[in-house]
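Colleague: I would like to learn how to read a model like this one. Please take me through a few features in turn.

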Amino acid sequence: GCDRGATPYPIWGNDAGTIYEHERGFARGSVQAYARSGPVEIGNGDNTYMVRRVVPDEQTQGMVDLTFYTRLPGPLGTEYTHGPYTINSPTSVRLTGRQVEVKIEENGTNTDFRVGQLRMDAAIAGER
């Protein structure tokens, strides 16, 4: 994907080669929209952290699901899946990792949803 600039809307593509104008209507058919972050670390991955809850800032709560992917001890470790969780305000979660990725996915096809900033209650945790 790429942010808006030359076009009025961000442009996104999928693995099948379909190109979409993001934030303009919604996809039709059996395509289920999602976005997945890259790995997030505290510092250089030297610390393990625990996420306890997520607080959304959108009015479309309940229209998207969150799935978290964590890795211990680091980038080459086993990936663990947590969720999916349906977003409420706040949403209780419990996961620990040196790296955390977030996947936001519509919980139905062809729903009109938006996701603003997600705030996470995270703290540095011990090794256990």
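Modeller: Strand β5 (residues 48-55) pairs with β10 in the antiparallel sense, over seven bridges. Strands are DSSP runs of E with at least two residues, numbered from the N terminus, and two strands pair if DSSP finds at least two bridges between them. The model is predicted, so local features need pLDDT of at least 70 and side-chain atom pairs count only at pLDDT 80 or more, while totals for chains, interfaces and linings use all residues. Residues are numbered from 1 along each chain as its sequence is written, and side-chain values use heavy atoms, with hydrogens and water left out.

Colleague: Through what do strands of a sheet pair?

Modeller: Strands pair through backbone hydrogen bonds, either parallel or antiparallel. Here, Val54 stands opposite Met120 in β10.

Colleague: What is the order of the strands in the open sheet of three?

Modeller: The order is β8-β5-β10, with antiparallel pairing. The edges are β8 (91-97) and β10 (119-125); each has a single partner strand, so one side of each is left without a neighbour in the sheet. On average, neighbouring strands of this sheet are turned by 20° against each other, direction ignored; the axes are lines fitted to C-alpha atoms, and angles run from 0 to 180 degrees between N-to-C directions.

Colleague: Does His82 count as buried or exposed?

Modeller: Buried means under 20% relative accessible area, exposed over 50%, and partly exposed in between, with a 1.4 Å probe and protein chains only. His82 has 18% relative accessibility, so this residue counts as buried. His82 lies in strand β7 (residues 78-86). Leaving aside residues up to four places away in sequence, His82 touches Leu66, Thr67, Phe68, Thr70, Arg94 and Leu95, where contact means heavy atoms within 4.5 Å.

Colleague: Where does the charged end of Arg36 sit?

Modeller: A charge sits over a ring if NZ of Lys or CZ of Arg is within 6 Å of the ring centre and within 35 degrees of the ring normal. The charged end of Arg36 sits over the ring of Tyr69, 3.7 Å from its centre. Lys103 lies over the face of Tyr34, at 4.6 Å from the ring centre.

Note on methods. Helix = DSSP H or I, 4+ residues; strand = E, 2+ residues; numbered from the N terminus.
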